Structure formats: C-alpha cells, structure tokens
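Subject: Structure handover

Hello,

Here is the structure I said I would pass on. Please open it and keep it beside you while you read my notes below.

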Amino acid sequence: MASYQLEVKQQNKKLILKTVYQLEPISRADLAKVLSLTKATVSNLVDELVQEHYLEQVGLGKSSGGRRPLMLKINEKAGYTISVDIGVNYIRSILTDLKGGIMKKAVETTDTNVYEDTMRYIETMVNNLINDMDDAPFGLVGIGFGVPGLVDSDGTVISTPNLDWQESDIRKRFEAAFDVHVIVENEANAGAFGEKSFGEGISSDHFIYISGGIGIGVGLIFDGVLYRGRNGFTGELGHTIIQMDGLTCSCGKKGCWERYASELYILKEYEKLKGMPWHQLTLEEAVTEAAADEDVRAIFHRAARHFAIGLTNIINSFNPEKIIVGNRLTQAEQYMLPVIEEVIAETAISPIAKGVGIHFNNTDQLATVLGLSAFSIERFFDREFST
C-alpha cells in the first residue's frame, strides 16, 4: 500500500509540474480544476515542489471574488540543458534553462566527416557551455545530440549516409565524460519536436517538418505527437525516389529526392558554373550571387521544382495542416518558395492541398537544438518522478 501511495504521489507531482509548464502562470485552484484533484492535494504537492526548487510563486493573479491567488510557474533557472545539432558542414549548440530559454548559442562551420575529430570538437564546445552555467539546484540535467542519419529508439546511430562515420558511441561517450543523461536523436525528428514545443507548430497537431541541408530529413507530427514508427526510423522521405535511374545519392541508391532538392544538389550545380569543387563553395555565396546572376537563380529554381515534387507526395500522403521548412535551405526562401507554391498548385490533389501552408522558418535554424532541449527537459521530469 505504501508503495502504491508513493507511486500515485509521484505521478501527481509530475502531472502538476507538466501542467504548470504548459499553462503557467497558474494558481493552485485552477490546477485543481484542470487536473480534477482536490485543492488540498494540489496545495500540499505544490508546497513540496516549491521547496524542492521545481516551482516558484510569482505574484498575485486576478481575483474571482475572494483573495487574489498566488500564481505558480516553473523555476526555469533551477537547471540547464545543452543541445548540439551535428550537420554535415556545421555544428550548432545552445545552452538553455528548464523552459527552453536560450542562455548562449554558437554555430561553427566545420567538416564533421571524421568522427573522432568531430567528437573532440564537440567536447570542447560542451565544456565551454558548462563553464558559462550559473549555480543551479539541478545543474546540467541533460545533453542532446541531433544526428543526420538513422537513429533507433535507443539512441543508437545506425547509419549516417552523408557522413563517413564508422562508429557512433555518442551517448556512452558523453555520459561517461560528463556524468549526465544523454539523448541522441535524428535531427529532423528533433526539429519537428522543437517546432511543436517552441516554434511555428505550437498550435498545430498535424504538420510536417522538413530539414533542408546537405541531405533532407523529415519529422512527422500526427495528433500533436512525434510519430516514430516501429523502430524510430520514420521520416527518411529524403530517400524516396523522384527520378528512376537518376543521380546517385549518398545512400547508394539512385534518384532520391534529397539528391535533387538539397543543399548538395545546389552546390553541385553551382560547381559547374564556378569551376571549383562543390565542397569549397557555400550556400551563402550562391544565395548572394543569385541576386545578380540569372544562371545561379536558375539553379535554385530547379531545386525548388524538385523540392516541390517531394512536398506534393507528402501532402497527398499525409494531409497535413502545414509544412515547416527549416535548416540551411531557409536562406534561399526568396528564390525557392514562389516556385514551390506554383508547382504544388499544379501537381498536388487540390482538396488535400487546399489550405496547406508552406512556411520557411529561418530564425537562426534553431529547431533541432530547441527540440533536443525539450526532449532533455521532458525526460528530466520523467526521471525525477519515477518510482
């Protein structure tokens, strides 16, 4: 009986905490109504959560006839998360509080193809972020990594088609080095969760997140929840075929969508104009040059048409409310979005495509790292109140 009572208490405390996280600021009385718990139960558990530094009281709310109630919110400065988005040609990192508020962020352009060099580089970045943390009751509660490849439900990296990694002990390596819980996720899944938690997907329950970089990753939000599939491998729509016997993709197959619509496609086409190896060129240079060069603009228009073919397949298959495009391709919105919208209007099934918004979210390309932060915070609360 004592064990059962403890389990119920822990579940209720976690429920209160997550409800405050979503609805703050909120009073004890409103919490009791939302959760269908007695006012006495809520009051007692809230007092414990305040004493344990999870919650804090923040002034008085509006009165409904009696005394003005004390309002509650998450004590976001009680702990921190670190999140790292590993791209093919960049590493982006952030330090956040327990509400996903960004305390520090950094992005470095670097070749991540050599696994050991990349890991050592990230260890330095993580140490720098830890040094920037203020004292907090819970300290660092988690580190999250977004990886461009297949990641199973246990956080094991199965393959990285656009990176020549032969090993991938990220989780074990960083848990041992920093003595903290580590999450490893597919970067597009993390991006979708970031948009749902903090971005353009907050008010949408059915949307698709497209991560457009050297490859193309896809995260699916159905009924407000990240869809993972049987083993966590959903979202590899960048490797759907749009051209039979077409160009060879990094995955070894031919005609993949990402080979025709990604940053890599743009750079390889740009290479033909510049007479330089594609890996010595940058998307930023191409975007700048496109303003005055019709041939460069034509590259973006071709990529946009290919991109739209993939989006048409997604719209016809999943009937989403919206599609959110993130990551590096957002820099080319002005050249790509009008073409994408035109092609979708021509090719998608009209009743399904009607009302589907295509949004390029180009606010610092933070969806993946914010999603990793949200994962770390959620799992921290789950661990704290497990029995």
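Start with Asp245, which lies in the loop between β13 and α7 (257-261). The model is a predicted one. The phi angle of Asp245 is positive, about 55°, although the residue is not a glycine. Is Asp245 buried or exposed? Asp245 counts as exposed because its relative accessibility is 68%, and the cut-off for exposed is over 50%.

Asp179 is another residue to look at. Its place is the loop between α5 (170-178) and β10 (182-186). Asp179 is not a glycine either, yet its phi is positive, at about 50°. The relative accessible area of Asp179 is 72%, so this residue is exposed.

Next, the backbone at Pro25. The peptide bond that runs from Glu24 to Pro25 is cis, and its omega is near -5°. Where is Pro25? Look in the loop between α1 (2-23) and β1 (26-27).

Now the sheet that contains β13. Five strands form an open sheet with mixed pairing, in the order β13-β12-β11-β14-β15. Which strands are at its edges? They are β13 (225-226) and β15 (357-360), and each of these pairs on one side only.

Strand β14 covers residues 322-326, and β14 and β15 pair in the parallel sense over four bridges.

Regards

Technical notes
Residues numbered from 1 in each chain as written. Predicted model: local features only at pLDDT ≥ 70, side-chain atom pairs only at ≥ 80, totals over all residues. Heavy atoms only, no water. Pairing = 2+ DSSP bridges. Helix = DSSP H or I, 4+ residues; strand = E, 2+ residues; numbered from the N terminus. Buried < 20%, exposed > 50% of the residue type's maximum accessible area, 1.4 Å probe, protein only.
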